[in-house]
Amino acid sequence: AGTSAARASTGGADRSSALTVRTGHGASRTTRSAVLPMRTRATPVRPWVPMTIRSIACRSTALPISKYGVPVARTPSAYDNTQYYGRERLSYMSGLGGPGSAIAVDGPYVYHAFGGYADGDSAGFGLRKYNTDQNLEWTKFYNHPKVNMAFYVGNMTRDAAGNFYLVGSQRIPDPAASGPGVLLFGKNSWIAKLNPAGDLVWSYDSDASGSNMMDELYDVAVDGSRLSEVGVTSTSSSGMNILAQKYDLTPSTYPALVRSYTENGSGNGDDFGYGVALGTGAVYLAGTMSNSNKDILVRALDKTAFTASGASITFDSGFGDDKGYDLAVTTTTPASVYVAGLTAGAGAGANAALFKYTLAGAFSWARYFNGKAGLDDAYYAVKLNGSGVTVAGSESTIGQGRDGVYRKFDHAGTELWSRGF
């Protein structure tokens with residue numbers, strides 16, 4: 001599609017590569033691959049040298065990295081693509097597929113974190129920066145040195161210094177395999193820190209289930225030197241459990257686990273923690289608890305002890321599965337919690353839903369959205385400021401997939417505006 005690329009030469013101990021891409025709109029950008037250079041033609045095999053990484057139990061594992069440029073990971077063939085809608089632009093990664101994406105806003109800049117697949121292989125994960133004119137300034141890719149690992153990006157946040165923290169999951173390489181591409185069953189929970197320029201500081205995965213089953217993170221919040229995240233961990237007898245963990249970010253090489261919390265519903269089914277928010281003295285979680293059906297759950301954890309604090313907030317529509325995907329907490333008086341997700345309806349399809357509760361668990365109000373097609377609709381994100389609360393989600397349509405839905409309400413629940421895409 002009019003895209004040209006020029007590979008820069010690499011040599012010696014340099015383990016990065018540069019890829020300059022011209023988008024066809026008079027602009028160019030440089031993509032850095034932080035682990036290893038891209039595959040080159042007729043490159044002879046060179047000796048391997050070990051690299052040491054850390055696991056959650058502080059065990060060291062030697063992984064092969066080529067000192068002289070034989071790549072195990074690569075920058076994918078995906079490229080930046082821009083479509084114009086009048087004066088507006090929609091920019092995305094063409095040739096890149098798979099779930100997992102997150103954004104962060106800093107003044108006039110928007111940062112997009114992603115993971116996925118290209119050419120039937122893992123594209124690792126990456127970060128992109130857009131400026132106030134909606135133009136892309138740079139994209140940076142990262143991948144695992146052992147194998148083209150599959151990374152899922154669940155969400156992202158930033159600290160006061162502008163560092164990025166990505167959470168999600170990482171597929172597990174087989175330590176007994178001699179070559180790349182051999183993965184064990186399951187996923188490990190995963191956290192990565194990138195500096196304000198988008199350069200990788202560390203990448204850290206942990207096997208919270210202890211059995212190489214599925215562990216995955218969906219949201220993250222940072223408070224000073226402490227990072228709180230929420231997701232899911234597998235068990236052998238009671239399905240998926242909600243997992244929340246607190247890490248110390250003081251170490252420079254990798255985070256240190258401080259506290260861990262799990263919760264399982266009465267139905268012994270699959271329970272998921274999807275959202276995390278920080279309050280004055282507590283960390284708040286939103287998710288889905290499997291009882292007779294799936295119910296919305298909001299759980300407060302004491303910030304220091306990281307144990308359950310007070311009664312939980314639950315919602316059961318009585319018609320089927322209800323899910324809480326995100327939450328936001330006000331620290332002003334009166335303090336409140338907003339929960340975004342979906343609820344089962346009396347008819348076909350699920351309705352997008354936004355709830356407001358006091359921190360003591362008293363119900364304030366609910367706002368529902370049922371799209372024109374009467375199919376499955378949901379709110380996946382909620383943010384708030386002094387003027388109100390904004391939700392983002394999707395509406396199912398007939399024959400055209402899902403459309404984006406965005407709404408803002410004041411704190412009394414009055415709708416201020418609605419947009420769709």
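Which residue in β31 does valine 405 stand opposite? Glycine 420.

Before I go on, some ground rules. This is a predicted model, where local features need pLDDT of at least 70 and side-chain atom pairs count only at pLDDT 80 or more, while totals for chains, interfaces and linings use all residues. Residues are numbered from 1 along each chain as its sequence is written, and side-chain values use heavy atoms, with hydrogens and water left out.

The overall picture. The protein has 0 helices and 31 strands. Helices (H or I, at least four residues) and strands (E, at least two) are DSSP runs, numbered from the N terminus. Of the 421 residues, 50% count as buried, meaning under 20% relative accessible area with a 1.4 Å probe, protein chains only. Take the contacts (heavy atoms within 4.5 Å) with a separation of 6 or more: 45% of them come from residues 24 or more positions apart.

Now to β30, residues 402–409. On one side, 8 bridges join β30 to β29, residues 388–396, and the two run antiparallel. Two strands pair if DSSP finds at least two bridges between them. Valine 389 has phenylalanine 409 as its bridge partner. The β29 and β30 hairpin has 5 residues between the strands, and glycine 399 there takes a positive phi near 85 degrees.

β30 also joins β31, residues 415–420, through 5 bridges, again antiparallel. That hairpin has 5 residues between the strands, with glycine 413 at a positive phi near 95 degrees.

Look at lysine 408, which sits in β30. What is the nearest side chain of opposite charge? Aspartate 410, 9.9 Å away. Lys and Arg count as positive, Asp and Glu as negative; His and chain ends are not counted. Lysine 408 is buried, yet has no salt bridge. That would take a side-chain nitrogen of Lys or Arg within 4 Å of a carboxyl oxygen of Asp or Glu. Its side chain does make a polar contact with the side chain of serine 387, at 2.7 Å. The residues lysine 408 touches include Asn385, Thr414 and Trp417, leaving aside those up to four places away in sequence.

One more sheet. Here 4 strands form an open sheet, ordered β20-β21-β22-β23, with antiparallel pairing. β20 (272–278) and β23 (313–315) are the edge strands, each pairing on one side only. Inside the sheet, 9 bridges join β21 (residues 282–290) to β22 (residues 294–302). Tyrosine 284 has alanine 300 in β22 as its bridge partner.

Key. Polar contact = N/O pair within 3.5 Å; in protein donor to acceptor, adjacent residues only side chain to side chain.
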